[in-house]
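Please open the structure in a viewer and keep the selection tool at hand.

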Amino acid sequence: MPGWTPDELAKIGQAEELQLASQRRDGSLRKSVTVWVVRDGEELYVRSMHGPSGAWFLGTQTRHQGHIRSAGIDRDVDFIVDTDPAVNDRIDAGYRSKYRRYGANIIGSVVNPEARTSTIKLVPR
């Protein structure tokens, strides 16, 4: 499985937002949504502020594949739900650090027990 290039990791990891479109059963892409993205080492992660009941998160669970755009990079990806507590602790810290200027109330929408259950690792295809 191809990984992220150092350039992709740097650009997407520093980007404010990411456009994410999941695949429908017929292979077509849903309308993209804008989400925050966090880098953890050689991996990229996103979360639903509505947890596993969020519409876009549910869409990622249909085929576990889709497309992302961020910082001039377009990639087809697999969506892998990651519920590892250690990973989620690092993702929480990543959100708090990267988006701290938005304040605790807004960051709290993606740093809470429900949102943690919707942590998705973006794996390039």
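Predicted model: local features only at pLDDT ≥ 70, side-chain atom pairs only at ≥ 80, totals over all residues.

In what follows, a residue is called buried when its relative accessible area is under 20%, exposed when that area is over 50%, and partly exposed in between.

**First selection: D40 and R90.** D40 has a relative accessible area of 18% and is therefore buried. A salt bridge joins R90 to D40, with 2.9 Å between the closest N and O atoms. Distant parts of the chain are linked by this pair, since R90 belongs to helix α3 and D40 to strand β3, 50 residues apart.

**Next: E42 and R39.** Here the two side chains meet in a salt bridge of 3.8 Å, N to O. E42 is exposed, because its relative accessible area is 53%, whereas R39 is partly exposed at 36%.

**Then: D78 and R125.** These side chains also form a salt bridge, at 3.2 Å from N to O. The pair links distant parts of the chain: D78 is in strand β6 and R125 in the segment after β7 (120-124), 47 residues apart. D78 counts as buried, because its relative accessibility is 14%; R125, at 34%, is partly exposed.

Remain in strand β6, which spans residues 73-81, and select R75. With a relative accessibility of 13%, R75 is buried. Leaving aside residues up to four places away in sequence, its contacts include P2, G3, W4, E8 and R125.

To complete the charged groups, select R47, D89, D92 and R116, which a network of salt bridges links. The whole structure holds 9 salt bridges.

**Aromatic rings.** A pair of aromatic rings is described by the distance of the centres and the angle of the planes. How many aromatic pairs does a search of the whole structure find? The search finds 5. One of them is the stacked pair of W36 and Y99, with 3.9 Å centre to centre and 5° between the planes. W36 lies in the loop between β2 (33-35) and β3 (38-40), and Y99 in the loop between α3 (85-98) and α4 (104-107), 63 residues apart. Both W36 and Y99 are buried.

**Last stop: the largest pocket.** Its volume is about 180 Å³. Among the residues that line the largest pocket are W36, R47, M49, H50, W56 and I106. By class, the lining comprises 6 nonpolar, 4 polar and 1 charged residues.

Note on methods
Residues numbered from 1 in each chain as written. Heavy atoms only, no water. 1 Å grid on protein atoms, 1.4 Å probe; cavity = no way out; pocket = protein on both sides within 12 Å on 5 of 7 lines; lining within 4 Å. Points joined across faces, edges and corners; volume = space filled by probe spheres on them. Nonpolar A, V, L, I, M, F, W, Y, C, P; charged D, E, K, R; others polar. Helix = DSSP H or I, 4+ residues; strand = E, 2+ residues; numbered from the N terminus. Buried < 20%, exposed > 50% of the residue type's maximum accessible area, 1.4 Å probe, protein only. Contact = heavy atoms within 4.5 Å. Phe/Tyr/Trp six-rings, centres within 6.5 Å; stacked < 30°, edge-to-face > 60°. Salt bridge = Lys/Arg side-chain N within 4 Å of Asp/Glu carboxyl O.
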